[in-house]
Amino acid sequence: MKRSALVVLCLFAAAPAVFGQGAGQGRATVVYLTAFQTSDGGFGESPAGAGSSKSSLRLTSSAARALKYFGGDVPDPKAASAFVASCFDKESGGFADRPGGKPDVATTAVGLMAVAALKMPAEPYAEPAVAYLAGRAKTFEEIRIAAAGLEAAGKRPAAADAWLKEVAKLRRDDGSYGDGGARDTGGAAVVVLRLGGTLAPRDAVLKTIRTGQRGDGGFGKTGAKGSELETTYRVMRCFMMLKGKPADVAGLRAFVAKCRNADGGYGVAPGEKSSTGGTYYAGSVLHWLGE
């Protein structure tokens with residue numbers, strides 16, 4: 001792959017940068033992300049020229065979606081699509097993180113998201129993967145990620161009604177979910193909305209997640225001192241689906257900016273090393289704020 005030429009073309013074809021970022025910063029983030037596409041078409045844990053880097057379905061899906069948010073494109077989308085297809089296990093109907101690996105609920109949901117992000121034909125994968133998820137998602141985290149994959153595929157299996165009953169068990173008297181914090185409440189509310197359930201009262205959910213915003217502008221796990229982008233991403237998806245915004249939008253933008261590093265990528269928290277996942281979370285949050 002002629003990487004340097006592809007990256008330059010990607011930059012010149014890039015759409016306007018994510019809201020809250022200058023054009024130069026957006027281009028730097030695109031360069032950071034495109035460097036991770038490997039010779040097999042997938043995206044790895046380190047830049048392709050930095051030595052051995054095994055491609056991962058999770059990283060490929062995150063990179064493809066993050067590039068869209070930062071105004072870029074996957075340098076070689078055909079190769080990326082071929083890598084995603086190679087992770088599909090026809091026998092089980094699920095996706096593994098790497099070709100020949102063992103499928104599970106999370107990687108199968110991610111596979112459906114990757115298919116959608118790369119605009120691959122859904123027909124060979126959608127029905128088998130939906131059946132795989134419907135028969136195996138049991139815990140809340142499995143149901144949460146399965147719902148995300150099903151939304152990407154535009155499918156709703158009969159199991160969704162049973163999943164909604166499981167999520168309903170987490171609902172508290174004040175309208176919050178789980179431990180009553182922003183992360184648990186936002187995550188559960190998103191599942192309900194994705195599966196077509198009834199979320200009531202909406203205002204109670206918004207109050208809970210707004211209250212969870214911390215002094216640094218971000219959101220974090222209950223009991224943890226600092227905020228991080230993974231929890232912030234979960235909560236912000238809930239705001240997006242409820243057409244709401246956090247109380248301190250400027251503070252949230254400032255928190256995301258603190259997670260940005262000189263290489264153009266984002267760490268999951270301020271001071272942490274850049275990663276594809278952290279960059280995807282940042283791009284999603286900034287995109288939703290820009291809406």
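**The core and what surrounds it**

The largest nonpolar core has 78 residues, and Val-84, Phe-95, Leu-133, Trp-163, Leu-229, Val-256 and Tyr-266 are the ones with the most contacts inside it. Keep in mind that this is a predicted model. As background, nonpolar side chains in soluble globular proteins tend to be buried together.

**Overall build**

- The protein has 13 helices and two strands.
- Its radius of gyration is 19 Å, close to the 19 Å that the globule rule gives for 291 residues, so the protein is as compact as a globular protein of that length.
- Taken along the principal axes, the box filled by the C-alpha atoms is roughly 60 × 45 × 30 Å.
- Of the 291 residues, 52% are buried.
- If you look at contacts between residues at least 6 apart in sequence, 61% of them join residues at least 24 apart.
- The accessible surface comes to about 13,000 Å², and carbon and sulfur atoms account for 54% of that.

**A closer look at Leu-229**

- Leu-229 is one of the core residues with the most contacts inside the core.
- Setting aside neighbours within four places in sequence, Leu-229 is in contact with Phe-255, Val-256, Cys-259, Tyr-266, Gly-267, Val-268, Gly-278, Tyr-281 and Ala-282.
- Two of those partners, Val-256 and Tyr-266, are also on the list of residues with the most contacts inside the core.

**Aromatic pairs**

- There are eleven aromatic pairs in the structure.
- One of them joins Tyr-69 and Tyr-280, which are stacked, at 6.4 Å centre to centre with 25 degrees between the planes.
- Tyr-69 sits in helix H3 (residues 57-69) and Tyr-280 in helix H13 (residues 276-290), so this pair ties together parts that are 211 residues apart in sequence.
- Tyr-69 counts as buried because its relative accessibility is 14%, under the 20% cut-off.
- Tyr-280 is buried too, with a relative accessible area of 4%.
- Tyr-233 and Tyr-281 make a tilted pair, because their ring centres are 5.0 Å apart and their planes meet at 45 degrees.
- That pair also links distant parts of the chain, since Tyr-233 is in helix H11 (residues 229-241) and Tyr-281 is in helix H13, 48 residues apart.
- Tyr-233 counts as buried, at 12% relative accessibility.
- Which residues do ring pairs link into a cluster? They are Tyr-69, Tyr-233, Tyr-280, Tyr-281 and Trp-288.

**Ile-143 in helix H7**

- You'll find Ile-143 in helix H7, which covers residues 140-153.
- Is Ile-143 buried or exposed? Its relative accessibility is 1%, so Ile-143 counts as buried.
- Beyond neighbours within four places in sequence, Ile-143 is in contact with Ala-137, Lys-138, Trp-163, Glu-166, Val-167 and Val-191.
- Among these partners, Trp-163 is one of the residues with the most contacts inside the largest nonpolar core.
- Asp-40 is 103 residues away from Ile-143 along the chain, and their C-alpha atoms are separated by 31 Å.

**Ser-81 in helix H4**

- Ser-81 belongs to helix H4 (residues 77-86).
- With a relative accessible area of 16%, Ser-81 is buried.
- Which residues is Ser-81 in contact with, leaving aside its neighbours within four places in sequence? Those partners are Leu-118 and Met-120.

Key:
Residues are numbered from 1 along each chain as its sequence is written. This is a predicted model: local features need pLDDT of at least 70, side-chain atom pairs count only at pLDDT 80 or more; totals for chains, interfaces and linings use all residues. Side-chain values use heavy atoms; hydrogens and water are left out. A nonpolar core is a set of buried Ala, Val, Leu, Ile, Met, Phe, Trp, Tyr and Cys residues joined through side-chain atoms within 4.5 Å. Buried means under 20% relative accessible area, exposed over 50%, partly exposed in between (1.4 Å probe, protein chains only). Contact means heavy atoms within 4.5 Å. Helices (H or I, at least four residues) and strands (E, at least two) are DSSP runs, numbered from the N terminus. Rings of Phe, Tyr and Trp (its six-membered ring) pair if their centres lie within 6.5 Å; planes under 30 degrees apart count as stacked, over 60 as edge-to-face and the rest as tilted. The radius of gyration is taken over C-alpha atoms; the globule rule is 2.2 Å times the number of residues to the power 0.38. Accessible areas come from the Shrake-Rupley method with a 1.4 Å probe; for residues, only the protein chains shown count as cover.
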